[in-house]
Amino acid sequence: MAKLKSPGELETLRSSIIQKRDPNKPCITICNGTGCQSYGGKALTASFKNEIKKQNLESKVDIRVTGCHGFCERGPLVIIKPAEILYQRVRIKDVPEIVLETAVNNKVIERMLYTDKASNQKITSEKDVPFYKLQKRLIFGNNGLIDPTSIEDYLAVGGYTALAKAIKMTPENVIEEVKKSGLRGRGGAGFPTGSKWESTRNAEGDVKYVICNADEGDPGAFMDRSLAEGNPHSVLEGMVIGAYAIGSHEGFIYIRNEYPLAVRNMTTAIEQAEANGLLGDNILGSGFSFKIKIKRGGGAFVCGESTALMASLEGKVGEPRAKYIHTSEQGLWGKPSNLNNVETWANIPLIISKGADWYSQIGTAGSKGTKIFALTGNITNSGLVEVPMGITLREIIFDIGGGIPKGRKFKAVQTGGPSGGMLPENMLDLSVDFDELTKAGSMMGSGGMIVMDEKTCMVDMARYYTTFLEGESCGKCVPCREGLRQMKYILDGITQGRGKEGDIELLEELCATLLDASLCQLGQSAPNPVLSSIKYFRDEYEAHIKEKKCPSGVCKIG
Amino acid sequence: MVNITINGRQIKTEEGKTILDAARKNNIYIPTLCANEEVSPYGACRLCLVEIKTAKGRERLVTSCIYLVEEGLTVQTDSDRIMKIRKMLLELLLARCPDSEEIQKMAKKAGVEKTRFVEQEGNNKCILCANCSRTCEEVVGVAAISLAQRGVEREIVTPFNEDFSDACIGCGSCAYSCPTGAITMTDVKGKRIIKWPHNSMDFKLKKCSVCGQYWAPEKQIKYIAKKSGTPLSDYDKCPDCRD
């Protein structure tokens with residue numbers, strides 16, 4: 001494979017790839033994201049391949065193994081293109097029928113279709129399924145169209161167009177475009193991405209680093225995993241554009257070790273991009289060089305914090321440090337470093353190719369673009385959803401998520417993982433927006449959205465998150481280490497029937513200390529689950545303490 | 001020079017100094033536990049937190065041991081908010097190390113008589129300020145002990161928690177730097193015993209060829225001789241008996 005030496009050569013390659021593809025040829029698309037793989041996706045794929053071979057259909061029917069499609073509740077998912085027929089909960093025994101009836105004879109197998117519970121209608125086409133219809137899958141949509149181990153697939157859907165455009169702009173103009181787009185970091189803090197790039201570019205020094213945070217530690221969050229597994233090139237493209245804008249020649253992707261498929265697919269993507277001259281030396285003949293290395297985490301939630309991540313990259317213990325001097329000035333090895341989340345990087349190619357004006361039309365005044373949420377918990381349609389900022393929680397949970405199963409009632413939704421807060425029913429019309437969610441006592445966070453029904457004990461949930469954070473605290477600073485330890489004792493006590501008068505007030509005092517005195521955001525945001533559950537569900541705490549009763553019947557007391 | 005205000009007092013201080021440096025130079029009290037002039041600032045105990053307002057009007061809480069002075073900075077070391085935090089931190093430390101006299105003293109000074117929290121049983125006075133490991137790594141240069149584990153399991157240990165650390169030279173710098181007495185060093189009968197929170201080690205002491213006093217661990221002497229490129233025989237006499 002010869003390295004591409006110009007944007008023109010890239011377009012020539014792209015055209016030749018597209019020309020060789022017949023858009024009318026049936027293609028069986030099989031989801032092999034981690035979720036569907038755990039449902040037997042790999043064996044299912046092998047079965048389809050065998051069946052095609054057995055029936056001598058190799059030249060007539062294609063198979064494409066893709067990353068996560070997002071509709072995880074209904075996996076294993078199989079989509080027959082170009083008809084866009086969606087089959088859900090596919091089993092190996094269904095394979096021969098699907099191959100013969102649908103792929104070859106174009107007939108729909110009714111029983112394999114998705115049934116919309118609201119209308120009781122069977123839906124044939126993927127795009128008509130309410131779960132997908134109400135989303136705006138600008139970033140995630142390509143997962144269904146590409147085999148993540150094929151750079152040709154990525155090129156066929158327009159991949160690396162943005163890179164070719166960016167290197168013809170000045171770095172300053174690229175930064176201006178990202179600033180104008182209003183993109184804010186998708187890792188949780190929501191810091192304006194363009195400003196961060198600008199600070200790093202303007203920092204003193206010739207050696208600068210670009211880092212991708214793929215440590216995704218929030219329990220229940222798997223957006224970054226699915227992007228890194230399913231569309232690794234989109235992340236790489238974003239990073240190359242960022243490195244070009246900032247003036248960096250070396251980058252790192254820090255992937256948590258618990259994501260082996262993401263590590264594998266990202267590694268393959270890097271090799272392919274380098275082989276094609278889209279990464280490495282003299283990218284597209286521009287003279288700009290940028291190399292990326294993958295480093296794996298060692299199993300610590302705190303290493304998702306930017307300074308702890310950088311310490312870990314340096315081979316030191318993953319401990320945060322004070323950020324009075326920003327990492328954009330002194331980061332990795334003391335050099336200016338720009339760290340962004342996987343989803344943030346994945347937004348960059350879209351912003352550059354379609355322009356900031358187009359991008360900033362989506363979302364709200366303060367939060368532009370879309371956000372991918374991992375919708376989990378007591379919800380009918382669990383999976384990954386991509387929605388424009390400004391959509392309400394109600395629309396996500398009920399219209400897209402299909403509401404609460406088993407006829408139960410909605411009780412609360414947790415956004416932002418262990419750093420976020422729990423919001424009750426009367427907040428369901430809140431818009432999903434960085435500032436709106438923070439005002440309500442929660443936060444956007446990285447995108448975890450856990451729905452809870454009436455059989456959830458909110459005190460138990462607060463205890464769960466506090467226990468998680470106590471275990472993940474790095475232990476460096478007193479308020480977080482000792483404070484979470486004591487908070488856990490109190491919450492364990494309350495949920496075990498040993499709560500006493502004054503416990504709630506003591507928890508609130510501890511929370512205030514952690515908020516003010518903790519060294520990093522782990523400690524500073526640890527109070528959120530506790531404080532939000534006290535604010536909106538104080539009666540549950542009081543029932544546990546005063547009456548020794550758990551209203552939802554979860555805690556075994558009394 | 002930089003002009004700052006601490007608790008209403010106008011103070012001139014050198015650039016590149018921390019708020020803590022400036023406060024101490026002007027006899028303004030800010031409690032600390034993990035601060036140590038000999039090693040890099042750590043910012044872990046959080047006792048030195050102060051309220052600041054920058055010249056541009058940005059208000060925040062920062063650890064004075066790390067934050068560098070800036071022109072026009074306003075600092076409050078004893079505001080209600082700070083005192084609340086300080087008291088809570090000391091209450092938490094009292095619960096961790098109920099037997100530490102140093103913590104009890106600091107707590108009393110801040111107005112904390114007792115702790116409302118669950119006390120850790122059988123604790124060893126270690127508050128994980130890491131003065132010992134930082135001194136061992138940055139000053140002595142051998143990194144014989146270190147922090148291990150995470151969160152509430154965090155502790156100061158020797159490599160693999162064994163009762164010997166090859167790198168340790170028995171100098172006792174860790175014991176000197178420990179603010180709570182969690183590390184002890186005793187010289188008795190030609191032997192030095194250093195006790196860390198979870199391990200202890202013995203070192204053979206060198207006897208002075210003139211006065212017969214045991215004056216330093218043989219291992220430490222070997223290390224110093226090697227580092228300075230001087231012969232071991234230079235150390236046969238103790239410092240008092242040398243010319």
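Guide:

**A strand pair in chain A**

In this predicted model, strand E11 (residues 370–377) of chain A pairs with strand E12 (residues 383–388) of chain A, running antiparallel over 6 bridges. The link between them is a hairpin: 5 residues join E11(A) to E12(A). For one facing position, take A:Leu375, which stands opposite A:Gly383 in E12(A). How many residues of E12(A) are buried? The count is 5 of its 6 residues, so by the cut-off of 20 or more other C-beta atoms within 10 Å, E12(A) is mostly covered.

Now step out to the domains. The assignment divides chain A into four parts. Domain 1 takes 25–81 + 85–124, and domain 2 takes 151–359. Domain 3 covers 370–453, and domain 4 covers 458–546. By these bounds, the residues of E11(A) and of E12(A) fall in domain 3.

Domain 3 of chain A touches domain 2 of chain A. Their centres, taken over C-alpha atoms, are 27 Å apart. Domain 2 of chain A brings 15 residues to the contact, and domain 3 of chain A brings 17 residues. What is the make-up of the domain 2 side? Its residues divide into 4 nonpolar, 6 polar and 5 charged.

Next, the partner chain. Chain B meets chain A through 26 residues, which are in contact with 26 residues of chain A. Two elements of chain B each supply at least two residues of its side: strand E4 (59–63) and helix H2 (80–96). Which element gives the most? H2(B) does, with 7 residues. By class, the side of chain B that touches chain A holds 18 nonpolar, 3 polar and 5 charged residues.

Chain B itself can be described briefly. Its secondary structure comes to 6 helices and 11 strands. Its C-alpha trace spans about 65 × 45 × 30 Å along the principal axes. Chain B has 243 residues, and 40% of them count as buried. Sequence separation is the last item. Take the contacts in chain B between residues at least 6 apart in sequence: 54% of these join residues at least 24 apart.

To recap, the close look began with E11(A) and E12(A), an antiparallel pair joined by a hairpin. From there the view passed to the contact of domain 2 and domain 3 of chain A, and ended with chain B, whose contact with chain A involves 26 residues on its own side.

Conventions
Residues are numbered from 1 along each chain as its sequence is written. Chains are lettered from A and ligands numbered from 1 in the order in which they are written. This is a predicted model: local features need pLDDT of at least 70, side-chain atom pairs count only at pLDDT 80 or more; totals for chains, interfaces and linings use all residues. Two residues are in contact if their C-beta atoms, placed from the backbone, lie within 7 Å. Helices (H or I, at least four residues) and strands (E, at least two) are DSSP runs, numbered from the N terminus. Ala, Val, Leu, Ile, Met, Phe, Trp, Tyr, Cys and Pro count as nonpolar, Asp, Glu, Lys and Arg as charged, and the others, Gly among them, as polar. Domain bounds come from an automatic or database domain assignment. A residue is buried if 20 or more other C-beta atoms lie within 10 Å of its own, exposed if 12 or fewer, and partly exposed in between; C-beta atoms are placed from the backbone. Two strands pair if DSSP finds at least two bridges between them.
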